[in-house]
Structures are given as C-alpha cells and as structure tokens.
Amino acid sequence: MQGHDLFEYAIIRLVPRVEREEFLNVGVVLYCARKKYLKALFHLDSTRITTFCNNLDIQELDANLHAYVDICDGTAEGGPIGRLDPASRFRWLTATRSTILQSSKVHPGYCKDPEEKLQQLYSEMVLLT
C-alpha cells in the first residue's frame with residue numbers, strides 16, 4: 001500500500017484473577033518502525049474495574065500502566081527497559097506474562113498516521129465508543 005506504513009499493536013488487558021482468564025481492555029500500545037513511533041495509551045474506569053473485581057488497588061494499577069508510557073517514551077523513568085531501542089521496548093511490553101497486566105497477541109496492519117491509528121484503536125478497544 002503506497003503511502004502506508006506497517007504498524008503493530010497490542011491491547012493491554014487487566015486480568016485480576018489470572019486463573020479465570022477474564023479481562024478488561026485498559027490500554028493499547030502501538031509501534032511503527034518506519035515512523036520511529038512507539039506509544040501507549042490507557043484508561044482506568046474505576047467504577048467498571050471495581051464492579052469486575054473489588055479488591056484491586058487502582059493507584060497501583062495506574063502506576064504500573066504509567067510505566068508502559070514511560071517505557072514507550074524511552075525516558076529515565078522507564079528504567080533499563082526504557083533505554084532499549086523502540087523495537088525491543090515494544091517486544092518487552094508485549095511479551096507473554098501471567099500477571100494482572102497482560103497484552104493481547106500482537107496484531108499488524110498498515111496506516112498513514114500511527115497517532116491517528118492509535119487513537120482509533122484506543123477509542124474502539126478501550127473506551128468502547
């Protein structure tokens with residue numbers, strides 16, 4: 001597709017009880033190598049989360065999700081992972097985990113504007129609008 005760049009994304013999921021495999025979509029991380037773009041967006045709806053699982057620490061979840069943003073941004077707050085190249089940071093963020101924050105499988109696609117695509121995915125998959 002002329003004028004379109006390959007991108008990859010994954011949905012960030014909240015999985016409060018890993019053994020039950022139930023989850024809520026709380027964020028998106030998108031990577032586009034050609035545009036040197038790596039960014040994560042998240043939203044914690046505390047009402048929805050406490051309805052789903054009432055014993056989670058929302059502030060701790062918020063701090064953990066901010067770590068995704070810091071790692072994507074490559075800032076000092078991202079720690080040693082934040083110092084890796086963007087492709088490695090994306091692979092680290094989307095690696096399989098058995099914690100309460102997990103990512104979906106990585107999905108590829110083509111887009112003209114990765115920021116616009118991220119906003120679209122965020123709206124459709126996290127905000128459900």
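Leaving aside neighbours within four places in sequence, which residues is Tyr 68 in contact with? In this predicted model, local features need pLDDT of at least 70 and side-chain atom pairs count only at pLDDT 80 or more, whereas totals for chains, interfaces and linings use all residues. Residues are numbered from 1 along each chain as its sequence is written, and side-chain values use heavy atoms, with hydrogens and water left out.

With those sequence neighbours set aside, Tyr 68 is in contact with Ile 12, Ala 40, Leu 93 and Leu 101 (contact: heavy atoms within 4.5 Å). Tyr 68 is also among the residues with the most contacts inside the largest nonpolar core, as are Leu 14, Val 26, Val 29, Leu 44, Leu 65 and Leu 101. This core has 24 residues; a nonpolar core is a set of buried Ala, Val, Leu, Ile, Met, Phe, Trp, Tyr and Cys residues joined through side-chain atoms within 4.5 Å, where buried means under 20% relative accessible area (1.4 Å probe, protein chains only). Two or more residues each come from strand 1, strand 2, strand 3, helix 2 (58-73) and helix 4 (86-93). Helix 2 gives the most, with six residues. Helices (H or I, at least four residues) and strands (E, at least two) are DSSP runs, numbered from the N terminus. Another core, of 13 residues, lies apart from the largest one and includes Tyr 9, Ile 11, Val 28 and Leu 30.

Strand 1 (residues 5-14) and strand 2 run antiparallel and are joined by seven bridges; strands pair if DSSP finds at least two bridges between them. Leu 14 stands opposite Leu 24 in strand 2. Six bridges join strand 2 to strand 3 (residues 37-42), again in antiparallel orientation, and here Val 28 stands opposite Leu 41 in strand 3. The hairpin of strand 2 and strand 3 has four residues between the strands, and Lys 36 takes a positive phi near 55°. In strand 2 (residues 24-32), nine of nine residues are buried.

Asp 5, found in strand 1, is buried, with a relative accessible area of 6%. Beyond four places in sequence, Asp 5 touches Cys 32, Arg 34, Lys 35, Gly 109, Tyr 110, Cys 111 and Lys 112.

The lining of the largest pocket includes Arg 13, Thr 94, Arg 97, Lys 105 and His 107.

Definitions and conventions. On a 1 Å grid over the protein atoms alone, a cavity is a set of points where a 1.4 Å probe fits but cannot get out, and a pocket is an open set with protein on both sides within 12 Å along at least five of seven lines; lining residues have an atom within 4 Å of a point. Buried means under 20% relative accessible area, exposed over 50%, partly exposed in between (1.4 Å probe, protein chains only).
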